[in-house]
Amino acid sequence: KSIVQYFVNGLSSVTPDIDEVFDKDMQDVLYQLQDATDKQMMQAVLDKPSISELLEKPLHLYTIEEKARIVRQLHLHFVILLRKVDLFHVDLSPPGSNKRKVEEQTVIMWYDYLQDVEDGKVHIDGKVHIDVKSSEVVVTLESVLQFITGSISIPLFGFDTAPSITFSHSAEDTLPTANTCDLSIRLPTSITDVGTFSSRMTFDIFNAVGFGQI
């Protein structure tokens with residue numbers, strides 16, 4: 001069900017369904033997490049290396065109010081990200097590594113950005129606007145595709161080489177970069193804020209050759 005929701009309506013439409021998680025041990029963890037009623041119970045459930053390494057911040061910094069967000073993040077990891085169901089090949093580091101953890105967080109921001117673009121919420125200023133005016137310049141999925149591949153549409157039989165997502169772990173890299181020759185986009189893992197990711201992604205697309213000609 002989540003895979004279908006993802007393909008049809010994008011990542012933000014996916015409603016966590018714990019029964020979809022193939023790993024039965026992780027299913028149990030998510031059910032226990034869902035039933036936790038205070039911070040101590042929640043931390044006790046999450047205090048496992050295989051889980052804590054997937055979280056965005058140290059376990060003790062989470063509050064019980066963030067429980068639903070954690071359930072969603074873990075669900076997306078095991079149902080969506082691990083299957084890499086996307087137009088793009090995601091070049092992730094080995095599971096369990098520190099690089100893998102920040103790469104998956106960056107990929108989630110990428111998917112959320114695409115969803116906002118698809119919904120017509122990303123204006124040229126890089127900010128997400130709920131109420132879009134027809135006179136506003138809005139980033140489109142065609143703009144994103146052109147930025148990465150040089151094409152405004154996906155060929156009937158797909159690209160000869162699958163577009164790919166790679167990552168830069170350098171703190172000096174603060175902007176996404178695209179290479180239309182090998183159909184790739186390089187995302188900086190130094191960006192941890194969704195708003196900053198959106199504005200910098202949009203800045204690059206807006207300043208790319210060909211923007212506004214599609």
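Trainee: Which helix holds Glu104 and Arg100, and how many residues apart do Glu104 and Arg100 lie?

Mentor: Both lie in helix α6, residues 98–118. They are four residues apart, about one turn of the helix. Helices are DSSP runs of H or I with at least four residues, strands are E runs of at least two, and both are numbered from the N terminus. A caution: this is a predicted model, where local features need pLDDT of at least 70, side-chain atom pairs need 80 or more, and totals for chains, interfaces and linings use all residues. Residues are numbered from 1 along each chain as its sequence is written, and side-chain values use heavy atoms, without hydrogens or water.

Trainee: What do the side chains of Glu104 and Arg100 form?

Mentor: A salt bridge, 2.8 Å from N to O. The term means a Lys or Arg side-chain nitrogen within 4 Å of an Asp or Glu carboxyl oxygen.

Trainee: Are Glu104 and Arg100 buried or exposed?

Mentor: Both are buried. The cut-offs are under 20% relative accessible area for buried, over 50% for exposed and partly exposed in between, with a 1.4 Å probe and protein chains only.

Trainee: How many salt bridges does the structure hold?

Mentor: Two. Lys57 and Glu66 also meet in one, at 3.0 Å, N to O. Lys57 is partly exposed because its relative accessibility is 28%. Glu66, at 17%, is buried.

Trainee: New topic. At what angle do the axes of α2 and α3 cross?

Mentor: Roughly 170 degrees, and the axes of α2 (24–35) and α3 (39–46) come within 9 Å. So α2 is roughly antiparallel to α3. Axes are lines fitted to C-alpha atoms, for helices over the stretch in contact, and angles run from 0 to 180 degrees between N-to-C directions. Over 145 degrees counts as roughly antiparallel, under 35 as roughly parallel, 65 to 115 as roughly perpendicular, the rest as oblique.

Trainee: Which residues of α2 and α3 meet?

Mentor: Val29, Gln32, Leu33 and Asp35 in α2 meet Met41, Met42, Val45 and Leu46 in α3. Contact means heavy atoms within 4.5 Å.

Trainee: And the sheet: in what order do the four strands run?

Mentor: β1-β2-β4-β3, an open sheet with mixed pairing. Two strands pair if DSSP finds at least two bridges between them. The edges are β1 (89–90) and β3 (177–179).

Trainee: In which sense do β3 and β4 pair?

Mentor: Antiparallel, over three bridges, with β4 spanning residues 184–188. Ala178 has Ile185 in β4 as its bridge partner.
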